[in-house]
Amino acid sequence: QGPETEADADLEYGTQGRKSRAKREETQEKASKVYRGSEAFALFLKSYQHILQKQCYVLIHTFGLPAEFEETVRNQLWAPRLQLLTDRLEILDDTTEFSSQANTDAEGHAKMEAQGRRRERKSRSKVVPSLLDSLGMCYLGMIMLRLPISIGDLHR
């Protein structure tokens, strides 16, 4: 074992007690907390369906409705409406692909886009179900099963 040189001692002196950490590469993309377009609409439909299911559950247990009430609402009222809404979802996917294509006329594109947004807002308000619609489906389900419950009973 030969004697250490001063240069070797200086290099090792600065590293004592110091921890070095390798920098992480940021390869993972952060998941967006805000959904847009078809993802947002699909999540909305799942949430709406859950709310409708919970409303049926409460009506069955509060008013003593038969268990087939939930099946009636789900299969005869919600399923056709869901089919229409999923068709809209597919159309929405097609239009976003179309609108993402490049357009050479920037001014014409901006005007068409603004008109499309206005039309979409008007049509969205007609197509998107509301909580009142879910209560309406529940009431129609009661009528279909010929249950003796009125709207006044639901309002209490």
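Here is a short chat about how some terms apply to this predicted model.

User: What ground rules apply here?
Analyst: It's a predicted model, so local features need pLDDT of at least 70 and side-chain atom pairs pLDDT 80 or more, while totals for chains, interfaces and linings use all residues. Residues are numbered from 1 along each chain as its sequence is written, and side-chain values use heavy atoms, with hydrogens and water left out.

User: Why is R146 called exposed?
Analyst: Exposed means over 50% relative accessible area, buried under 20%, partly exposed in between (1.4 Å probe, protein chains only). R146 comes in at 75%, so it counts as exposed. R146 sits in the loop between α5 (131-144) and α6 (151-155), and its phi is near 55 degrees, a positive value in a residue other than glycine.

User: Why are α2 and α5 called oblique?
Analyst: Helix α2 (residues 37-63) packs with α5 at about 45 degrees, axes 10 Å apart. Under 35 degrees is roughly parallel, over 145 roughly antiparallel, 65 to 115 roughly perpendicular, and the rest oblique. So the pair is oblique.

User: Which residues of α2 and α5 make the contact?
Analyst: Contact means heavy atoms within 4.5 Å. On α2, Y48, I51, L52, Q55, C56 and L59 take part; on α5, the residues include L131, M137 and M142.

User: Which residues touch the most other members of the largest nonpolar core?
Analyst: A nonpolar core is a set of buried Ala, Val, Leu, Ile, Met, Phe, Trp, Tyr and Cys residues joined through side-chain atoms within 4.5 Å. Of its 19 residues, L65, F69, V73, W78, M137 and M142 touch the most other members. The largest share, 7 residues, comes from α2.

Key. Helices (H or I, at least four residues) and strands (E, at least two) are DSSP runs, numbered from the N terminus. Axes are lines fitted to C-alpha atoms, for helices over the stretch in contact, and angles run from 0 to 180 degrees between N-to-C directions.
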